Amino acid sequence: MDEWMNYEQFDRQTWHAFFPADTVRLNQENLDDIKSLNDRISIEDVKDVYLPLIKLLQLHYQNFLEWQMQKANFLRQPVRRVPYIIGIAGSVAVGKSTIARLLSILLNKLLPDKRVELMTTDGFLYSNAELKRRGIMDRKGFPESYDMEKLLKFLNDVKAGEPVVKAPTYSHQVYDVQPDKPLVIDRPDILIVEGINTLQLPTNQRLYVSDYFDWSIYVDADPDLIECWYLQRFDLLLKTAFTDPSNYYYPYSKGNRDDAFKMAKEVWQTVDLPNLKDFILPTKTRANLILHKTHGHVVDRLYLRRD
Ligand SMILES: Nc1ncnc2c1ncn2[C@@H]1O[C@H](COP(=O)(O)OP(=O)(O)OP(=O)(O)O)[C@@H](O)[C@H]1O
Ligand SMILES: CC(C)(CO)[C@@H](O)C(=O)NCCC(=O)O
């Protein structure tokens with residue numbers, strides 16, 4: 001069966017025409033925010049791709065608020081403030097967290113009175129000590145390396161409107177979870193959740209993470225390109241590790257550079273690439289929107305689910 005039959009495909013020009021850039025004026029502060037997030041993000045991409053996307057999200061969000069009100073009236077209940085949750089999925093190093101942060105800046109611009117928060121599912125990985133105890137340290141990122149029950153409980157609490165819900169965090173620099181540095185989510189209007197496992201269907205749970213999403217995005221690209229982005233990020237991690245002996249990458253930053261890159265390539269080939277092929281890519285056609293990126297992280301095509 002054709003996996004695309006439920007999607008409408010748009011090239012960049014067509015997509016951009018749905019919401020021309022001059023409809024929203026980005027001021028210098030907005031541009032500075034975006035550049036400080038990642039100075040290689042193309043402002044053309046922001047205007048051509050991400051602003052129309054935010055406009056579409058805004059329409060969907062208005063519909064969501066309307067539905068919450070209609071439902072409460074029907075059930076004769078007071079209207080409850082239910083957070084609208086956006087899930088972002090895709091490979092390791094495809095740019096999920098960069099897109100999540102960009103969307104939050106743009107959502108704040110279009111919806112200044114709404115509170116937008118973001119988090120990643122990385123913090124729900126088991127600790128390195130626990131992964132070693134289970135004999136799955138080389139399976140970090142695979143479905144069995146996450147505490148899915150804890151993640152589902154977290155999402156359930158946020159959706160139920162609980163105040164001060166804590167999410168564990170993960171540090172790429174420490175290469176481990178940080179139990180003493182939780183992220184506090186406190187009744188946001190919109191929550192963006194990014195992670196490689198956000199659209200996965202766990203076999204041993206009755207609930208899916210995506211059951212809590214009101215909208216989902218899959219970030220797609222050729223695996224060979226993603227490998228380049230993975231290695232570029234590795235290079236950045238080495239540069240920041242150089243002066244910090246507590247950094248996981250410190251020994252690699254001090255040792256032979258070719259050996260360090262050989263190690264990183266091997267991790268990509270033996271861990272992250274098989275994870276992409278076997279467990280992440282198959283979730284692509286569950287997303288409401290697929291963003292396809294090409295060289296330089298430029299978005300060239302978008303696929304919108306027909307519903
Ligand atoms: N739009 C973009 N323009 C330029 N560089 C980008 C863009 N998006 C991401 N990058 C770069 O690509 C690399 C991977 O991006 P990012 O860390 O956002 O990926 P990720 O999917 O969140 O990864 P992980 O799942 O491992 O946390 C980083 O070095 C980042 O700076
Ligand atoms: C933390 C994850 C799983 C997801 O972001 C990933 O960045 C990771 O660490 N993967 C394990 C193999 C590696 O070091 O790339």
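Is valine 94 buried or exposed, and how many other C-beta atoms lie within 10 Å? Valine 94 is buried, because 26 other C-beta atoms lie within 10 Å, where a residue counts as buried if 20 or more other C-beta atoms lie within 10 Å of its own, as exposed if 12 or fewer do, and as partly exposed in between, with C-beta atoms placed from the backbone. The structure is a predicted model, in which local features need pLDDT of at least 70 and side-chain atom pairs count only at pLDDT 80 or more, while totals for chains, interfaces and linings use all residues. Residues are numbered from 1 along each chain as its sequence is written, and chains are lettered from A and ligands numbered from 1 in the order in which they are written.

**The chain as a whole**

- The protein chain has 9 helices and 9 strands, counted as DSSP runs numbered from the N terminus, with helices (H or I) of at least four residues and strands (E) of at least two.
- The radius of gyration of the protein chain, at 20 Å, is close to the 19 Å that the globule rule gives for 307 residues, so the chain is as compact as a globular protein of that length; this radius is taken over C-alpha atoms, and the rule is 2.2 Å times the number of residues to the power 0.38.
- Along the principal axes, the C-alpha atoms of the protein chain fill a box of roughly 60 × 45 × 40 Å, and 30% of the 307 residues count as buried.
- Among contacts between residues at least 6 apart in sequence, 71% join residues at least 24 apart, a contact being a pair of residues whose C-beta atoms, placed from the backbone, lie within 7 Å.

**Around ligand 1**

- Of the 16 residues around ligand 1, Gly95, Lys96, Ser97, Thr98 and His297 come nearest, and a residue is taken as near a molecule if its C-beta atom, placed from the backbone, lies within 6 Å of it.
- Helix 4 (96–110) and helix 7 (223–241) each supply at least two residues of this shell, and helix 7 gives the most, with 4 residues.
- By class, the shell around ligand 1 has 7 nonpolar, 6 polar and 3 charged residues, where Ala, Val, Leu, Ile, Met, Phe, Trp, Tyr, Cys and Pro count as nonpolar, Asp, Glu, Lys and Arg as charged, and the others, Gly among them, as polar.

- An unreviewed UniProt entry places the feature "binding site" at Gly90, Ser91, Val92, Ala93, Val94, Gly95, Lys96 and Ser97; UniProt positions are given in the numbering used here, feature names are shortened, and annotations may be inferred rather than shown by experiment.
- Valine 94 lies in the loop between strand 2 and helix 4 and, leaving aside its neighbours within four places in sequence, is in contact with Val219, Ala221 and Ile226.
- Valine 92 is found in the loop between strand 2 (84–90) and helix 4, and it is buried, with 21 other C-beta atoms within 10 Å.
- Apart from neighbours within four places in sequence, valine 92 is in contact with Gly141, Ile196, Tyr230 and Asp272.

**Around ligand 2**

- Ligand 2 is surrounded by Val92, Asp122, Lys140, Gly141, Tyr170, Ile196, Val267, Val271 and Asp272.
- Helix 9 (residues 257–280) gives the most to the shell around ligand 2, with 3 residues, and by class this shell has 5 nonpolar, 1 polar and 3 charged residues.

- Most residues other than glycine have a negative phi.
- Arginine 76, although not a glycine, has a positive phi of about 50°; it is found in the loop between helix 3 (43–74) and strand 2 and counts as exposed, with 6 C-beta neighbours inside 10 Å.
- Tyrosine 175, also not a glycine, has a positive phi of about 65°; it is found in the loop between strand 4 (165–171) and strand 5 (176–185) and is partly exposed, with 13 other C-beta atoms within 10 Å.

How values were computed. Two residues are in contact if their C-beta atoms, placed from the backbone, lie within 7 Å.
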